[in-house]
Amino acid sequence: HHVRVNVSAGEGVQLPPSTRDRLAFRISDCFRSASGGKLMPVTQEKGGEGTLDAQVSITRYDDGILFARSSFREPDSMNIDGEVILSDGESKERLAVFGVSQTYDRSRTFAGLTTIDELEPLFAQGVVAGITQQPQ
């Protein structure tokens, strides 16, 4: 199977094209390592038989910077939430719908994350884990 990944901003979410592209790349990159070669990313133009479409709608992308700037400190929390719709690339039949959420909460963790860029790979891993656990 091949997977075609498309990332979009949900209603009311401000997500620059560069961030959408970066998230799509991170998710695609996770497929290379996490699926053991069973699922490989393809570009939007390619596809064909056996291609799965993963539509990832970002429903929350909060880097915590607005609050942090007003209080002159690092963010206390950062959040990336999304909904994934997995469908057959050819028939467009919907195969699965699931949510992915990654939150960094400074008060509950010692992970040492300082930017949302460091949270994005964890979100990408969550998307890939959800897809690879679906029946193929």
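## Strand pairing

Two strands count as paired if DSSP finds at least two bridges between them. In this predicted model, β3 and β4 meet that mark with 10 bridges, and they run antiparallel. One place to look is Asp-53, whose bridge partner in β4 is Ser-87.

Strand β3 (residues 51–62) is also joined to β1, this time by 8 bridges, and these two strands run parallel.

## Arg-4 and its partner

Now take a look at Arg-4, which lies in strand β1 (residues 2–9). Its relative accessibility is 12%, below the 20% cut-off, so Arg-4 counts as buried. The side chain of Arg-4 makes a polar contact of 2.6 Å with the side chain of Asp-53.

## The loop at Lys-92

Between β4 (77–88) and β5 (94–105) there is a loop, and Lys-92 lies in it. Lys-92 is not a glycine, yet its phi is positive, near 70°. With a relative accessibility of 52%, over the 50% cut-off, Lys-92 counts as exposed.

## Helix α3

Helix α3 covers residues 120–132, 13 residues in all. From its first C-alpha to its last, α3 reaches 18 Å, close to the 18 Å expected at 1.5 Å a residue.

Which residues of α3 are buried? They are Glu-120, Phe-123, Ala-124, Val-127, Val-128, Gly-130 and Ile-131. Seen down the axis of α3, the buried residues fall within an arc of 160°, so they line one face of the helix.

Conventions:
Residues are numbered from 1 along each chain as its sequence is written. This is a predicted model: local features need pLDDT of at least 70, side-chain atom pairs count only at pLDDT 80 or more; totals for chains, interfaces and linings use all residues. Side-chain values use heavy atoms; hydrogens and water are left out. Helices (H or I, at least four residues) and strands (E, at least two) are DSSP runs, numbered from the N terminus. Buried means under 20% relative accessible area, exposed over 50%, partly exposed in between (1.4 Å probe, protein chains only). A polar contact is a pair of N or O atoms within 3.5 Å; within protein, one must be able to donate a hydrogen and the other to accept it, and residues adjacent in sequence count only if both atoms are side-chain atoms. The expected span of a helix is 1.5 Å times one less than its number of residues. The arc is that of the directions from the helix axis to the C-beta atoms.
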